[in-house]
Amino acid sequence: MNLSSLDFQQARIKQVLFKSRLRSVLYGVREADDGLFSLRDNPLGQWFEAVIRPAYGARPEAHELERALQRMLDTGQELVKQYRRGQIEEARAGLDRVDAHAARIESLLQALEQAANAA
């Protein structure tokens, strides 16, 4: 399966969507739904299962991408729990941790995209 840059751009958009949805929860604009933090139900997790696992599931970068994605989702869920306990400022400050996971995911996406282009 040859993946295009469009496939990887979709992942980047889904990651921005996750961060935007999480931010809107932490700023009281919307309620968090359980699917937001589930690897199976999260749009980026679904993309991973549909696109990366079939094409590059054996590559170390794919395994690390899955772990990084799960850590980002877990961190987001922890921040929502903090928010619900009234630790609003602490939860919002924790968005930097989500950004750090997102940066790691981006570097892994770049590595996989380079592998796709080399194939």
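Predicted model: local features only at pLDDT ≥ 70, side-chain atom pairs only at ≥ 80, totals over all residues.
Reader: How many helices and strands does the secondary structure contain?

Author: Helices (H or I, at least four residues) and strands (E, at least two) are DSSP runs, numbered from the N terminus. The protein has 5 helices and 0 strands.

Reader: At what angle do H1 and H3 pack?

Author: Axes are lines fitted to C-alpha atoms, for helices over the stretch in contact, and angles run from 0 to 180 degrees between N-to-C directions. Helix H1 (residues 5-26) packs against helix H3 (residues 60-84) at about 10 degrees, the axes being 10 Å apart. H1 is therefore roughly parallel to H3, a term for angles under 35 degrees.

Reader: Which residues of H1 and H3 meet?

Author: Contact means heavy atoms within 4.5 Å. Gln15, Phe18, Leu22, Val25 and Leu26 of H1 meet Met72, Leu73, Gly76, Leu79, Val80 and Tyr83 of H3.

Reader: How do the axes of H2 and H3 cross?

Author: The axes of helix H2 (residues 43-56) and H3 cross at roughly 170 degrees and come within 11 Å. The two are therefore roughly antiparallel, the word for angles over 145 degrees. Among the residues in this contact are Trp47 and Phe48 of H2 and Leu65 and Met72 of H3.

Key. Residues numbered from 1 in each chain as written. Heavy atoms only, no water. Parallel < 35°, antiparallel > 145°, perpendicular 65-115°, else oblique.
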